[in-house]
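Student: I have a chain open on my screen and would like to go through it. Can we start with the overall layout and then pick one part to look at?

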Amino acid sequence: MAHEDDAQQAVPNTPGTRTDGDGVTRRRPLRERHVEETVEVAVPVRTAYNQWTQFKTFPRFSTVVHGVEQIRSTVTTWTIGYGPLRHRFAVEIVEQDPDAYMAWRALEQNPSHQGEVEFRPTESGGTAITVRMLLEPQGAARILTSSSRAVRLTARLVHGELMNFKQFIEGLGQEGGAWRGTIRNGRVQHDHPEPPRSRVAQWPVG
């Protein structure tokens, strides 16, 4: 968790940051949050994480997610709702560490939210999955979100979705796919970045 002296390092509307020994800036967990729910699943961390990255499979177990579209590597569009009601919004992955952590933010203004999910190994060989969310609505919606009832309803929904994921991945026993990339500040990190292009024309020879 973040310490008090990290307050000056916090990035607005995103989880706080930390700089590791390798000089790479990474996120800290959300210091302020409305919701935090944890569930333990009986599969290894790698399996749980790999399946979680398969966003398009969420409608197969979720009671509220009706569709997910991949826009680009770090942006997806989600359609959620109850009954005939539907809400469509884009989400950007701002931080991602394989087998450990993922942070996102909604690319909308009203309402808006950000969240994160952590994956930790358990002594039994399973995985503890923790989801934290910070709701940041604008205008009149802010009043509703600030109420304890709205927070309890959101927490109940997140817990229910985690339990659905638990049943889904334990039923599969293994992941149905994986995306093993790393993301920093909304950008995919490449193991072997392309060398800078020379401004001098390179003419073919031979």
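Student: How many helices and strands does the chain have?
Tutor: There are three helices and eleven strands. Keep in mind that this is a predicted model.

Student: In what order do the elements run from the N terminus?
Tutor: The order is β-β-β-α-β-β-β-β-β-β-α-α-β-β.

Student: What share of the residues is buried?
Tutor: Of the 206 residues in the chain, 43% are buried. The accessible surface is about 12,400 Å², and carbon and sulfur atoms account for 51% of that surface.

Student: And contacts between residues 24 or more positions apart, what percentage do they make up?
Tutor: They make up 55%, counting the contacts in the chain with a separation of 6 or more.

Student: Take helix 3, then. At what angle do the axes of helix 1 and helix 3 cross?
Tutor: The axes of helix 1 (residues 45-52) and helix 3 (residues 148-172) cross at roughly 115 degrees and come within 11 Å. That angle makes helix 1 roughly perpendicular to helix 3.

Student: Is the crossing left-handed or right-handed?
Tutor: Helix 1 passes helix 3 in a right-handed crossing.

Student: Which residues make the contact?
Tutor: From helix 1, the contact uses Thr47, Ala48, Gln51 and Trp52. From helix 3, it uses Leu162, Phe165, Phe168, Ile169 and Leu172.

Student: How do these contact residues divide into nonpolar, polar and charged?
Tutor: Seven are nonpolar, two are polar and none is charged.

Student: Why is Asn50 classed as buried?
Tutor: Because its relative accessible area is 2%, and buried means under 20%.

Student: Leaving aside neighbours within four places in sequence, what is Asn50 in contact with?
Tutor: With those neighbours left aside, Asn50 is in contact with Glu175, Gly177, Ala178 and Arg180.

Student: How many residues apart in sequence are Asn50 and Arg180?
Tutor: They are 130 residues apart in sequence, while their C-alpha atoms are 7.4 Å apart in space.

Technical notes
Residues numbered from 1 in each chain as written. Predicted model: local features only at pLDDT ≥ 70, side-chain atom pairs only at ≥ 80, totals over all residues. Heavy atoms only, no water. Axes fitted to C-alpha atoms, helices over the stretch in contact; angles between N-to-C directions. Helix = DSSP H or I, 4+ residues; strand = E, 2+ residues; numbered from the N terminus. Parallel < 35°, antiparallel > 145°, perpendicular 65-115°, else oblique. Left-handed = near helix turned anticlockwise from the far one by under 90°. Contact = heavy atoms within 4.5 Å. Nonpolar A, V, L, I, M, F, W, Y, C, P; charged D, E, K, R; others polar. Buried < 20%, exposed > 50% of the residue type's maximum accessible area, 1.4 Å probe, protein only. Areas by Shrake-Rupley, 256 points an atom, 1.4 Å probe, with all protein chains shown as cover.
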